[in-house]
Amino acid sequence: MNFIELLLLAAIWGASFLFLRIAAPEFGPIALIALRVGIAALVLLPVLRTAAARSEFRSKAWPLFVVGISNSAIPFGLFAYSTLYVNAGLDSILNATTPIWTALIAAAWFQSALGRQQICGLLSGLAGVVVLVWDTLGAGVSGVPLAIAAALLAAGFYGFAVNYSKRHLAGVKPLVVAFGSQFFASIVLLPPALLYWPQHAIAPSIWACVAALGVICTGFAYILYFRLIERVGAAYAASVTFLIPVFGLAWGAVFLNEKITPAMLAGCAITLLGTALASGKFNGFWLGKRKST
């Protein structure tokens, strides 16, 4: 049952890149992400039904604000921008570099020592990204280099948010963090979203993608993710990182006719190997699996 839920979560988060690819050209990145986090905050609002949860929310307002910016508002927006120029499958693989950035930022910013395995992982991950984007960059399409840089920067913000949360939100109920981050992200994004709100009519199918992004890919996905953490541990739940690109590539190929090239598959494999080494997720996955039996 736990593995089925892990697959479901990977399928949902993989689909988020599909929905971004479809909806971003219509709404623009800022308005789209403002809707995504606003809807997710409403879905997660029942988290504050207890006095204890409301107290945690108030006492940790500033760290939640920082996480809302660094883990939602900025990276969601960067990925939405990226999908204007590169396909959903490629973005889903670049997203999988998050644990590599997490380890690098922990070493550079938070003075956490890197072991040999992590250093090998960082180098492997870098090599994987080079293989992954080489053909895409070589095509010379305008906007693509900046889009790839935006996706990698988004993963870097995720890496910062992981390290920041460990130090400033330890002990806070995970769903309070989930709600708080979406709430503050929506507050920050509301003014620019109103400024850049689309002036043309939006088709119902595009609105359906927006609803799916907010309700399923963000609100419900957070609930599923933290339930997995509670039942089988963080290491097992975080192994979803390795499965998201599989679904990101598949959804893009099935629904958008995106091509899956040998270079993409090779880059994906090398990047995920680097991710596993940098984060120690190989060991964590099996430990979590044994725990669930």
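Residue A161 is found in helix α8, in a model that is predicted. Helices are DSSP runs (H or I, at least four residues) numbered from the N terminus. At 2% relative accessibility, A161 counts as buried, a label given to residues under 20% relative accessible area, whereas over 50% is exposed and in between is partly exposed (1.4 Å probe, protein chains only). From C-alpha to C-alpha, A161 lies 8.4 Å from T102, although the two are 59 residues apart in sequence.

Because the model is predicted, local features need pLDDT of at least 70 and side-chain atom pairs count only at pLDDT 80 or more, while totals for chains, interfaces and linings use all residues. Residues are numbered from 1 along each chain as its sequence is written, and side-chain values use heavy atoms, with hydrogens and water left out.

**Aromatic rings**

- The structure holds 19 aromatic pairs, a pair being rings of Phe, Tyr or Trp (its six-membered ring) with centres within 6.5 Å.
- F79 and Y158 form one of these pairs, with 6.2 Å from centre to centre and 25 degrees between the planes.
- This pair is stacked, the term for planes under 30 degrees apart, while over 60 counts as edge-to-face and the rest as tilted.
- The pair of F79 and Y158 links distant parts of the chain, 79 residues apart: F79 belongs to helix α4 (residues 61-82) and Y158 to helix α8 (residues 144-168).
- Both F79 and Y158 are buried.
- A cluster linked by ring pairs comprises F57, W62, F65, F179, F183 and F184.
- The charged end of R36 sits over the ring of F76, 3.9 Å from its centre; the term requires NZ of Lys or CZ of Arg within 6 Å of the ring centre and within 35 degrees of the ring normal.

**Packing of helix α1**

- Helix α1 (residues 2-27) packs against helix α10 (residues 204-232) at an angle of about 155 degrees, and their axes are 9 Å apart.
- Axes are lines fitted to C-alpha atoms, for helices over the stretch in contact, and angles run from 0 to 180 degrees between N-to-C directions.
- Helices α1 and α10 are therefore roughly antiparallel to each other; angles over 145 degrees receive this label, under 35 counts as roughly parallel, 65 to 115 as roughly perpendicular and the rest as oblique.
- The crossing of α1 past α10 is left-handed, meaning that the near helix is turned anticlockwise from the far one by less than a right angle, with clockwise giving a right-handed crossing.
- In the contact of α1 with α10, the residues divide into 25 nonpolar (Ala, Val, Leu, Ile, Met, Phe, Trp, Tyr, Cys and Pro), 4 charged (Asp, Glu, Lys and Arg) and 2 polar (the others, Gly among them).
- The axes of α1 and helix α5 (residues 88-95) come within 9 Å and cross at roughly 130 degrees, so these helices are oblique to each other.
- Helix α1 passes α5 in a right-handed crossing.

**Individual residues in loops and helices**

- N257 is found in the loop between α12 (244-256) and α13 (262-279), and at 67% relative accessibility N257 counts as exposed.
- Phi of N257 is near 60 degrees, a positive value in a residue other than glycine.
- A201 lies in the loop between α9 (174-195) and α10 and is exposed, with 73% relative accessibility.
- L78 has its place in helix α4 and is buried, with a relative accessible area of 18%.
- L78 and F157 are 79 residues apart in sequence and 9.9 Å apart in space, C-alpha to C-alpha.

Notes
Helix = DSSP H or I, 4+ residues; strand = E, 2+ residues; numbered from the N terminus.
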